[in-house]
Amino acid sequence: MKPIDLLGGMSAETFLQDYWHKKPLLIRGALKDVGELVDFDVLSELATQEEVESRLIEFRNGQWKLERGPFRPTRFKRLPESDWTILVQNVNHHLPHVAEILWRFNFIPYARLDDLMISYAPPGGTVGPHFDSYDVFLLQVGGRKRWQISTQQDESFIEDAPIKVLKDFQPEQEFILEHGDMLYLPPRCAHHGVALEPSMTYSIGFRAPSAQELATEFLVYLQDRICMDGRYADPQLTVQTDPARIDNAMVEQVGRMLRGIRWDEATVADFLGHYLTEPKPHVFYDAPDEELDEDEFADAVQQHGVWLDLKSQILYVNGMLYCNGSVLECEPDDLQAWQQFANARQLAGAAIADRMLPTLYEGYLTGWWLPRAKAG
């Protein structure tokens, strides 16, 4: 069992067995080298962009205030010296060194890993006591922040607030996090963070879709793939005195028709491949500015390799490959190389067979990946 510095020297096996989805964990000095700090200047610039999800939360005069981006730059010049927080989602989609931090958490399957959100707060900045329905790692970057946590069962929220703030938070433990410290919290563990100094929190969040969401998306998936034979018919229809009533015979016949809808584990696996790699609505891919032709592209990737775009995700199951909501065409002999590409998010040129080049070139034109020499 290999120790992981990010877990304070604990092995992934121990963490998953003793803490994941079970209890909080404080890790001192988990990650101090985070590269260039994504501070207020960086976050506020990102928050002005249309394709970036951002929020501004303030607590003024006993009231919570929420604004959603994109923001005008002048908005940030009117902020007070305390008691506000700016939050930017999916920073890993925009800054390569932040994406590298996210992918360090690969001891959790990519199918569960969601994004790296960064928040900045001056002294007093907070989003209030709350809980999340998913696992989260909270990495302190710069300054200090006080965290209080609770396993309380009371999950009632302040009424009419624009964000979900617990009405009666009862802290059980308290920690002061400094640069590089990290706090892991399982789902529904109530927590309240307050900045003691200007600082950032890098929040590594995980996907935990509700049963309702999965059912809804699965039905959407099925509607494009179901082909039912037959048509409703009632040759034995008789006169009924109350024509507005839906007859039991009709209910029974339609019920029999719907019972013809079938799925198995292979269907569910295929659904998950599409669903879990589907980009969020605000995500778009940029085609190359100066497009290489097929021969130039082949030379580039076989010499330097290829890297996934920051916003791209490849997952695989049952010999099938999925990228950004689509199936990737793959020869059986190339499956191992594609899986290596998915796991490492890059592939050396020596591993790229000629058979892979047409699919790789198509993805390059779409903006899903790019030659290593041109990767940012």
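Tryptophan 307 has glutamine 346, in strand E18, as its bridge partner. This pairing belongs to a predicted model, in which strand E14 (residues 306-308) and E18 are joined in the antiparallel sense over 2 bridges. The points below cover the strands, the nonpolar cores, the cysteines and the cavity.

**The sheet around E14**
- The open sheet consists of 3 strands in the order E18-E14-E19, with antiparallel pairing.
- Strand E18 (346-347) and strand E19 (369-371) are at the edges; each has a single partner strand, so one side of each lacks a neighbour in the sheet.
- In general, the strands of a sheet pair through backbone hydrogen bonds, in either a parallel or an antiparallel manner.

**Strand E9 and its partners**
- Strand E9 (residues 144-150) is largely enclosed by the rest of the structure, because 5 of its 7 residues are buried.
- E9 runs antiparallel to strand E10 (residues 173-178), and 6 bridges join the two; lysine 145 has leucine 177 in E10 as its bridge partner.
- E9 also runs antiparallel to strand E12 (residues 190-195), again with 6 bridges; here arginine 146 has valine 194 in E12 as its bridge partner.

**Nonpolar cores**
- The largest nonpolar core contains 56 residues, of which Phe15, Val91, Phe105, Phe107, Ile118, Phe137 and Tyr202 touch the most other members.
- Beyond its neighbours within four places in sequence, isoleucine 118 is in contact with Val38, Leu43, Ile86, Leu87, Val88, Val91, Val98, Met200, Thr201 and Tyr202.
- A second, separate core comprises 26 residues, including Phe297, Leu321, Cys323 and Leu357.

**Cysteines**
- Cysteine 323 is buried, at a relative accessible area of 0%.
- The closest cysteine sulfur to that of cysteine 323 belongs to cysteine 330 and lies 13 Å away, which is too far for a bond; a disulfide would require the two sulfur atoms to be within 2.5 Å.
- Cysteine 227 has a relative accessibility of 70% and therefore counts as exposed, since the cut-off for that class is over 50%.

- The structure contains 1 cavity of 30 Å³ or more.
- The volume of the largest cavity is about 30 Å³.
- The residues lining the largest cavity are Phe131, Ser150, Gln152, Asp154, Glu155, Leu166, Arg188 and Ala190.

Definitions and conventions. Residues numbered from 1 in each chain as written. Predicted model: local features only at pLDDT ≥ 70, side-chain atom pairs only at ≥ 80, totals over all residues. Heavy atoms only, no water. Buried < 20%, exposed > 50% of the residue type's maximum accessible area, 1.4 Å probe, protein only. Pairing = 2+ DSSP bridges. Helix = DSSP H or I, 4+ residues; strand = E, 2+ residues; numbered from the N terminus. Core = buried A, V, L, I, M, F, W, Y, C linked by side-chain atoms within 4.5 Å. Contact = heavy atoms within 4.5 Å. 1 Å grid on protein atoms, 1.4 Å probe; cavity = no way out; pocket = protein on both sides within 12 Å on 5 of 7 lines; lining within 4 Å. Points joined across faces, edges and corners; volume = space filled by probe spheres on them.
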